[in-house]
Amino acid sequence: MIKKYKLILATVVATMLFASGSAMAFQGFSIGVIGNYATFDTSGTEKEGNIGNSPDINTGSISSDVDFGSMFVEYTMGETFGATIGIEHVPGDATLGTKSRTDTASDANDAGSADAGTYTGKAEISDYYMFYVEPTLMGDSYGGFNFGLYAKGGVNRITVRSLESIALGDDSSAYGNEDVWGVTYGLGVKGVHSSGLFFKIEGINTEYGKVTLDSTTGNKNLITADPEYTAGRIAIGYNF
């Protein structure tokens with residue numbers, strides 16, 4: 001991920017050093033697609049059902065690289081000093097934070113529980129929407145493109161659904177879905193062609209609120225998790 005940020009910074013510096021000529025207007029509605037090259041980091045705990053007033057608490061963390069696509073619609077105002085507001089959506093769903101552990105013995109408090117086996121904890125995320133703003137400083141043109149630098153800030157929402165596989169012996173819990181909000185921030189550079197075609201290269205970081213999944217069935221486990229991700233992104237769009 002550090003390499004992705006270095007690429008973005010190098011692009012920004014090159015833009016500032018080699019831009020020349022006059023600026024062109026870039027306003028109105030745009031649509032486009034984004035290639036996301038992300039690293040998801042998830043840490044959390046699982047409190048197993050209270051057996052004999054001594055619940056087991058399992059902790060863990062995992063990091064995984066995920067590539068995915070998204071689409072956006074946005075509106076740009078201003079010229080040299082401007083701002084863009086937009087909505088981004090990731091279609092489909094993805095699996096987040098898959099990790100397994102193996103228990104070799106049943107619960108000591110209940111010899112007949114037959115809880116030995118492999119337990120897999122993971123979650124599915126879907127319905128990703130982000131609302132963002134990009135304050136932008138447009139520079140001069142070079143090679144047919146007008147370049148600009150921007151900061152990015154946004155809020156996004158995802159739906160989290162547990163896909164745990166723990167139906168062993170007495171261990172069996174079911175969880176509902178939870179909508180989780182996150183905050184996104186980052187930096188980027190855009191290049192705009194007079195034809196209306198443009199590209200953006202950016203690096204972002206997203207921090208989500210704590211995810212809490214509380215089972216009301218089985219042995220009534222309680223899961224809490226803290227997901228976040230960083231991403232290098234390349235967008236291609238068209239300005240009307």
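I started with Arg233 and Glu88: their side chains meet in a salt bridge, 2.9 Å from N to O. I'm working on a predicted model here.

Next I checked where the two sit. Arg233 is in strand β9 (residues 222-239) and Glu88 in strand β3 (residues 81-103), so I noted a link between distant parts of the chain, 145 residues apart. Buried or exposed? Both Arg233 and Glu88 are buried.

I then looked for another partner of Arg233 and found Glu202, with a salt bridge of 2.7 Å, N to O. Glu202 lies in strand β7 (residues 197-208) and Arg233 in strand β9, so this pair ties together parts 31 residues apart in sequence. Glu202 is buried as well as Arg233.

Moving on to Asp226, I found a salt bridge with Lys210, where the closest N and O atoms are 3.2 Å apart. Asp226 belongs to strand β9, and the pair ties together parts that are 16 residues apart in sequence. I got a relative accessible area of 32% for Asp226, which makes it partly exposed.

Which residues do salt bridges with shared partners join into one network? I listed Glu74, Glu88, Glu134, Lys152, Lys200, Glu202 and Arg233. My salt bridge count came to seven.

Last, I noted the overall picture. The protein chain has one helix and nine strands, and the order from the N terminus is α-β-β-β-β-β-β-β-β-β. Of its 240 residues, 40% are buried. Among contacts with a separation of 6 or more, 70% come from residues 24 or more positions apart. The chain exposes about 12200 Å², and carbon and sulfur atoms supply 60% of that.

Terms used. Residues are numbered from 1 along each chain as its sequence is written. This is a predicted model: local features need pLDDT of at least 70, side-chain atom pairs count only at pLDDT 80 or more; totals for chains, interfaces and linings use all residues. Side-chain values use heavy atoms; hydrogens and water are left out. Helices (H or I, at least four residues) and strands (E, at least two) are DSSP runs, numbered from the N terminus. Buried means under 20% relative accessible area, exposed over 50%, partly exposed in between (1.4 Å probe, protein chains only). Contact means heavy atoms within 4.5 Å. Accessible areas come from the Shrake-Rupley method with a 1.4 Å probe; for residues, only the protein chains shown count as cover. A salt bridge is a side-chain nitrogen of Lys or Arg within 4 Å of a carboxyl oxygen of Asp or Glu.
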